[in-house]
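Colleague: I would like to learn how to read this model feature by feature. Please give me the general idea each time, then the case at hand.

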Amino acid sequence: MEELTLEQITKKSELEEEIDFEKGRWSVSIICECVERQRNCDSLFLVLDLLTVPPGLKAGMDFTDKGLISALLSACITCHNPSLGCALLSKNKQSVIVFSPSFCFFFFLIPAPSQYPFELDVFQKQAILRLEAHDSVFVAAHTSAGKTVVAEYAIALSQKHMTRSLLFNTLPFKRLGSALSNQKFRDFKTTFSDVGLLTGDVQLSPESSCLIMTTEILRSMLYNGSEVIRDLEWVIFDEVHYINDAERGVVWEEVLIMLPEHVSIILLSATVPNSVEFSEWIGRIKKRPIYVISTIKRPVPLEHYLYTGNSTKTQKELFLLLDASGNFLTKGYYAAVEAKKERTSKHAQSFGTKNVSQHNTTASQDRAVWQTLLNYLSQRQQTPVVAFTFSRTRCDENARSLTSLDLTSSIEKSEIHSFLQKSLTRLRGGDRQLPQILSMRDLLKRGIGVHHSGILPILKEIIEMLFSRGLVKVLFATETFAMGVNMPARTVVFDSIRKHDGTGFRNLLPGEYIQMAGRAGRRGLDATGTVIILCKAGVHDMGDLHAMMLGKPTVLQSQFRLTYSMILNLLRVEALRVTDMMRRSFSENHRDTQAHEKRISELRNTLSSLPPLDTEGQLSDLLSYYHTITELRITTETLQVVIYSVTVCVGPCSHTVQKLKLQDISAITTKTLKVIPERIIDNYNKRQQPRFRLDPPGQAISTATQELLRLAEANPNGITTLDPVNDLHLKAVDVVEGVMRHRVLQDCLKDFHCIHSPTFTEQERMCVQEELDKLLFLVSDQSLTLLPEYHQRIKVLEALQYVDSTGAVQLKGRVACQISSHELLLTELLFENTLSPLAPEESAALLSCLIFTQNTQIDPHITSTLQEGINQVLNVAQRIGELQRDCGIPQTAEDFVAQFKFGLTEVVYCWARGMPFAEIAQLTDVQEGTIVRCIQRLDEVLKEVRQAARIVGDSVLGSKMERASLAIRRDIVFTASLYTH
């Protein structure tokens, strides 16, 4: 370090006098001085160079004490320095803060990140500053941007503070959540030794300070008051953008609502348009600020191409469509169209490129395209490649068709062979010879892999590990590979831009495309990532491509819904009412309760200052008049929604051009005026510009204004209007009844005496009272959207005797609380002794209907006893479905029954009886990976039934469930994960 000048030494002494080393704090004067010196960077760095790190920061501190960092950040906010402070972007300033501090202080305040072998990005530094102050953050960044650094820092802090941290993956499928939890366990175990794993089928080191678990397990802990919650400092939600999932989104909302106030929340998400709105909701229900930290910068920019080649001659037909700067290049699109036209028929040339089906190519044509492209990418050293294909069958077919493609060297083949042999040693000899394993072994040795839910779990893990080592050069995968798995590639290829979403085929949404395309580009290895869209049958429509690539990602939306399990658990614990849960849900975020309460207080003060309501003499019918007017207004608004559409109107004389709301339109007249709306709007918009603001109106506006004025003067008593029923021919029952009621109410107004009173217009009290009544309704439980459904579900629970008339949970209700899904059906089966006459293997087979969700083409061959059990299940389901319908729940009994599938009953029955996996795979058309995951989840159901049997005191049933669980927990189905062992 250079010698200090006399002036610097003097300055250092002055600064050291300001520091309280006993408490490990900076004095406010130094903080403010540093803030004031922000404009002079040299002086600022001098101050930081002279100071030493306070001992309190090095030695660790109570995580509830914000200390030095909070003091500095608070000073930054107080001084209102844009480069240091925070931008508040919310009506509720305590809920959400978008943070953007200066980083001249960063390495002085945060010495720990020096362990990272790379320079932290700005958003990572922002997040770490907030974590040090024990604040909650929402971090939104693109795939592979480095959001995991934030999670790692929080885990390190919790271990430093000797507290606990929990990490969740917010994924739409339970099978993905468990698989990804295993991967996260392996990743964090290499960094932090004290890491545990809790999923439905695995429990490793549950006493660890860092626990990786599924959200369902934390929900259960919160309902049951687990001791883990007491020591909890951080809860980390990964992949938060998947909170939109209709099935599991409600679980994440439950957890966020029930987390105690002392727990800080870290939300990691892809970029979403409404991160501030979502964070504001969390800040409101947790009563603490949520710091929104986001970046749209990609660590590796992406280049998007169209590919039209299908042979050696055309293999270089790769056309840039979206460059690394985000510019959409129409030149590249038209070049692709021309290249494709050269090889298309005259029919295709005649009818253009729109609405091209990507499913009308033959298997040989597909093989030619893939063979050509992959050879070309291999020559250009653009592997590894992830080829997203939105069909498990097509994934398998594409991989199998590439018989002549070999992308690995002899050394790589040897490494792949050794890894396969070592990984498969944990399988029994027969399981190692399964057809799927044998076929995949051949593909992997040539550098080709397949990844989807139908692949055996252990085989998927082998493929993932080989891919991460760079030994799998081409991976045919479904969309699930992009969900949370941190395995970037050099190139991403889209087999199609259309997918089936369960109801029909549609184009990829922008968020889906960005999530998958973001797998291209490896940080530190690639200057850019390459994304290729295949144009096999023709070039996709330009509008579809533009919307998919540059459209806004899907906003975060509430998937909150009521479930019987939630209602029963909340009634049982009594710490939180069901209506409180509904009120705090994201679906009710529009309720600005604080603002309403403030306005209610103001209105009550106003009412108390107004004279009492005069209802004497002519004003005796004032209340009746007021109620009639209110009903008339509501009826009019209802009719307006049905009858009128938004229009553009020009007012007479001092004209304006306005977009009218429905409530602004009172009627449609019989008179028509001819206007030129385009010219009117263009002229009006032109005169909004400063240099044309004083210009006179155009001819179209002048003509329209004169016509309106002439029409108004010619009809002083009002213009005749069209009758919605007779003239517009609207014959719907609600419209006819509304029109008739509207006429009756209008006629009633003439008979009121209060309108003739000289003090009639002075009755302000009624208007104030009306607004007050509205606000009181909005803040009450009666305005909750889901309240009617809550009452309907309570009726169902009362009818089935799960709760009594006072809402107290009965024995059947306590049993249902132990069951995570299909709680009503399973509880009814237990209390009707449906499982009693069945053997353990038959019980397991019957309960598989609660897990399996696919349709199969092969009918199972089952025992007569098992068939009787199936009939009982269907009868109970039918009864519950009809009861729900009678109580007002819209789901039909047929739909309720149809969700239970019995396609795996024979498979599970034979497996529980000891049949080898190779043989049970021949009994069904369901893929091996799906069978394994269903049996693994079935084990969770058996554990729940065993726990329920203990509650009701049925030791025989509990013992039977234990034997059934032991019967299915064997061999390849329950082989330990490569990530955890």
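Colleague: Let us start with pairing. How many bridges join strand β5 to β7, and in which sense do they run?

Modeller: Keep in mind that this is a predicted model. Strand β5 (residues 195–198) is joined to β7 by four bridges, and the two run parallel.

Colleague: Which way do the residues of β7 point?

Modeller: In strand β7 (residues 210–213), Cys 210 and Ile 212 point one way. Leu 211 and Met 213 point the other way. All four are buried.

Colleague: Now the whole chain. How many helices and strands does it have?

Modeller: There are 39 helices and 21 strands. The chain has 981 residues, and 52% of them are buried. Take contacts between residues at least 6 apart in sequence: 73% of these join residues at least 24 apart.

Colleague: What does the confidence look like over the chain?

Modeller: The average pLDDT is 80, and 82% of the residues score at least 70. Over residues 354–358, however, the pLDDT is below 50. That stretch still has twelve contacts in the model beyond near neighbours in sequence. Residues 645–654 also stay under 50, with 27 contacts beyond four places in sequence. Where pLDDT is low, the predicted coordinates should not be read in detail.

Colleague: On to the open sheet of seven strands. In what order do they lie?

Modeller: The order is β12-β11-β19-β16-β13-β15-β14, with mixed pairing. The edge strands are β12 (318–322) and β14 (448–451), each pairing on one side only. On average, neighbouring strands in this sheet are turned by 25 degrees against each other, direction ignored.

Colleague: How do β14 and β15 pair?

Modeller: In the parallel sense, over four bridges. Gly 449 stands opposite Leu 475 in β15.

Colleague: Which strands does α19 lie across?

Modeller: Helix α19 lies across β13 (385–388), β14 and β15. It runs at about 130 degrees to β14.

Colleague: Next, aromatic pairs. How many are counted?

Modeller: First the general idea. A pair of aromatic rings is described by the distance of the centres and the angle of the planes. In this structure the count comes to 13 aromatic pairs. Take Phe 467 and Phe 481: their ring centres are 5.8 Å apart and their planes stand at 85 degrees, so the pair is edge-to-face. The cut-off for that label is over 60 degrees.

Colleague: Where do Phe 467 and Phe 481 sit in the chain?

Modeller: Phe 467 is in helix α19 (residues 457–468). Phe 481 is in the loop between β15 (474–477) and β16 (491–494). They are 14 residues apart, and the pair links distant parts of the chain. Both Phe 467 and Phe 481 are buried.

Modeller: Now compare a second case. Phe 896 and Phe 900 form an edge-to-face pair, 5.7 Å centre to centre with 80 degrees between the planes. Phe 896 has 9% relative accessibility, so it counts as buried. Phe 900 has 5%, so it counts as buried.

Colleague: Which residues form one aromatic cluster?

Modeller: Phe 138, Phe 278, Trp 281 and Phe 586.

Colleague: Where does the charged end of Arg 970 sit?

Modeller: Over the ring of Trp 911, 3.6 Å from its centre. The charged end of Lys 686 sits over the ring of Phe 692, 4.8 Å from its centre.

Colleague: Let us turn to helix burial. Why is α32 described as largely enclosed?

Modeller: Count its buried residues. In α32 (residues 823–831), eight of the nine residues are buried, so the helix is largely enclosed by the rest of the structure. Among them are Glu 823, Thr 827 and Glu 828. Just after α32, Asn 833 takes a positive phi of about 55 degrees.

Colleague: How many residues of α22 are buried?

Modeller: Seven of ten, so to read it plainly, helix α22 (residues 564–573) is mostly covered. The buried residues include Tyr 564, Met 566 and Asn 569.

Colleague: One last site. Which residues does Pro 860 touch?

Modeller: Leaving out residues up to four places away in sequence, Pro 860 touches Phe 902, Thr 905 and Glu 906. Pro 860 lies in the loop between α33 (840–847) and α34 (864–886). At 28% relative accessibility, Pro 860 counts as partly exposed. Pro 860 and Thr 905 are 45 residues apart in sequence, yet 6.8 Å apart in space, C-alpha to C-alpha.

Note on methods:
Residues numbered from 1 in each chain as written. Predicted model: local features only at pLDDT ≥ 70, side-chain atom pairs only at ≥ 80, totals over all residues. Heavy atoms only, no water. Phe/Tyr/Trp six-rings, centres within 6.5 Å; stacked < 30°, edge-to-face > 60°. Buried < 20%, exposed > 50% of the residue type's maximum accessible area, 1.4 Å probe, protein only. Lys NZ or Arg CZ within 6 Å of the ring centre and 35° of its normal. Pairing = 2+ DSSP bridges. Axes fitted to C-alpha atoms, helices over the stretch in contact; angles between N-to-C directions. Contact = heavy atoms within 4.5 Å. pLDDT = per-residue confidence, 0-100.
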